[in-house]
Amino acid sequence: MRILPFILCLLCLRLDAAILYAGNNKPFPNITAAVQAATFGDTIMVSPGIYHEKNLIIDKPITLMGVDFPILDGENLYEVISIKADYVRVEGFTIRRSGVSSIIDYAGIKIYNRSWVAVVNNNVEDCFFGIYVQNGTNCLVANNRLKASAKTEQQSGNGIHCWKSDKLYILLNTITGHRDGIYFEFVTHSEIRANQSFQNMRYGLHFMFSNNDAYFNNSFSNNGAGVAVMFSKGIQMTGNYFSKNQGDAAYGILLKEISDSHINHNLFKDNTTAILAEGSSRIEMKNNRFVSNGWALKIQASCMEITVNDNNFIGNSFDIGTNGSLVLNNFNNNYWDKYEGYDLNKDKIGDIPYRPVSMFSMVVERNPAAMMLFRSLISTVMDKSEKIAPSLTPENLMDNQPLMKPVAL
Amino acid sequence: MRKITKYVIIDILKNKIVIGYTFLLLVLSFSVLSLEDNSAKAVLTLLNIILIMVPLVNILFASVYVYNSAEFMELMASQPLKRKQIWFSVYLGLSISLSIAFLLGVGVPVLLYAASITGYTLILVGLLLSLIFVSIAMFAVVRIRDKAKGIGMAILLWLYFALLFDGLVLFILFQFEDYPLEKAMVALSLLNPVDIGRIMVLIKTDASMLMGYTGAIFRNFFGATNGQLITSLVLLAWIIIPFWLSSIKFRKKDL
């Protein structure tokens, strides 16, 4: 048993790591002083209160922990917390009122070129950028609540902004009122899971040049322009919920120049356009539900090898819209609630193909003002005659094996 | 006047065609609403049926009825009654009885299966269309003495409102493709009561689609209070003006 302390020493990296207390009537009156006194591995416990630390720079691997959410106020002038060391953990603060500038990207919490940093369980209120990860690796941003009241795109920053990073883990955050909820640029091998992003000015989630990322089980609703995924490859989008992204340029997902990606098990509800795909290739869309959208899918003729299989299309005004007659995509085995065919051999697959592009949607694509005639007798007559002899709609765009019953999802 | 209206109503409600019309609407509504589990979609199917059937039946029945009661009206005109009153009570009788038929045929099933804002709008649209097309029928019939010609005219008018007008709009749209026509479209749609009715229901059902650019213009107009006020005024005008014109003509007509 003599070796037990020795084993304990091995288990804990440093047994002499201290806990420093900051706050009123505590050894350190403010956090800056505590950070200066702290050494590698120390924990600073911050008592409740309002702290005006100007720009708090953390340049040591320490844990900064708030007790009952002490408030760090940036007075609309400063970046509130700047993390410039590895292995830093910031937890349990209310961070508010960062500076706003058109030259410097002020943030509530900003990570500078570091790895293994965790930002957990904070409230970020009325900051320009919320949490900013600049060139970070292996960082965790979890369980934060970000809230801003953006009025113009120029006067507001993104909620969680990640730039040139690798292996980030964005988990369980709630983001509202920012410009983009979550913004990724040059970020690779990262995961965005179970976040809620709603009522942001522009996009709920914005991807640019970010390869091999995944987002699971997030909810994006009521954002100015929905979700945009652009110029990336190898994206996994699974189990997300896209709803009420309404407006002329609002999309559940906007796919622009995306390739080798998977869109599975998502629910799209009440969006003006659930998915718009432009210049995208090799995308699998499987087991998604499209419910009550204006357009479920708009797949432009510039896309190829998109496979749309085993999805449910229910109550959409238009199922599929397109802008040309070239079709290099595959639309089989879906359930379409507008399908009027029959199934004589009872194999649960309709015997005649379904053409999801209606004549009228082509007319509207060419001349948007024709929307006035939507669901009128003449549009019905046009659709019916087009079904018998397709002329304007792409002849090859059809589901050869439409399902008679919705896919169980 | 009340007596004449009452007589006309009872006469029409006993009419086999009106009973058949009520039953047809009832069967259609019940089957559409009970077969479709998505009530919004059922309302849309029903809307398509109503937009075609209600104007057709109303305009045809009203014109045939007015022709058939020519002798009755002559008799009434020989009594110390004002012609305006006779004409108005015939209009009232026709529109009240046909509205009752519509309410029984569509109103009851919709209230049972799809009692929502969309459902109520649908009922309102159907009712207004009934009133409007009776009024249009009387406008057409009063100036044509020949029954066959008059009924032909009624059918043509129906065809115009249900199909030709929209075709014309589509033609204009493509001829003037290069111009911004969104606002002109709103104005154009006010020229056809069937279109107004359709858009009133669409605002409620296809809300997400209508958030697109063109749709937004419609929504801003038809969805806003001012727009709703204007559309209701226009629909009222569609009831009053044809009837008023026909009434002037009837007063001076050699019976």
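How many residues of chain A are in contact with residues of chain B, and how many of chain B take part? In this predicted model, 24 residues of chain A are in contact with 33 residues of chain B. Sorted by class, the side of chain A that touches chain B has nine nonpolar, twelve polar and three charged residues.

**Chain A overall**
- The secondary structure of chain A comes to four helices and 37 strands, and its C-alpha trace spans about 85 × 55 × 30 Å along the principal axes.
- Of the 409 residues in chain A, 47% are buried.
- Among the contacts in chain A with a separation of 6 or more, 45% are between residues 24 or more positions apart.

**The largest nonpolar core**
- In soluble globular proteins, nonpolar side chains tend to be buried together.
- The largest nonpolar core here has 179 residues, and those with the most contacts inside it are Ile44(A) and Ala137(B).
- Helix α3 of chain B, residues 39-68, gives this core its largest share, which comes to 15 residues.
- When neighbours within four places in sequence are left aside, Ile44(A) is in contact with Leu20(A), Ala22(A), Ile31(A), Ala34(A), Val35(A) and Ala38(A), and also with Ile62(A), Leu64(A) and Met65(A).

**Helix α1 of chain B**
- Helix α1 of chain B has twelve residues, 2-13, and at 1.5 Å a residue it should span 16 Å, which agrees with the 16 Å that separates its end C-alpha atoms.
- Within α1(B), the residues Ile4(B), Val8(B) and Ile12(B) are buried.
- Seen down the axis of α1(B), its buried residues fall within an arc of 60°, and they therefore line one face of the helix.
- On the face of α1(B) turned away from this buried side are the exposed residues Arg2(B), Lys3(B) and Ile10(B).
- The elements of chain B that cover the buried residues of α1(B) include α2 (16-35), α3, α4 (70-77) and α5 (83-113).

**Helix α8 of chain B**
- In helix α8 of chain B, which runs over residues 182-189, the residues Met185(B), Val186(B) and Ser189(B) are buried.
- The face of α8(B) turned away from its buried side carries the exposed residues Lys183(B) and Ala187(B).

Notes:
Residues numbered from 1 in each chain as written. Chains lettered and ligands numbered in written order. Predicted model: local features only at pLDDT ≥ 70, side-chain atom pairs only at ≥ 80, totals over all residues. Contact = placed C-beta atoms within 7 Å. Nonpolar A, V, L, I, M, F, W, Y, C, P; charged D, E, K, R; others polar. Core = buried A, V, L, I, M, F, W, Y, C linked by C-beta atoms within 7 Å. Buried ≥ 20, exposed ≤ 12 C-beta atoms within 10 Å, placed from the backbone. Helix = DSSP H or I, 4+ residues; strand = E, 2+ residues; numbered from the N terminus. Expected span 1.5 Å × (residues − 1). Arc of directions from axis to C-beta.
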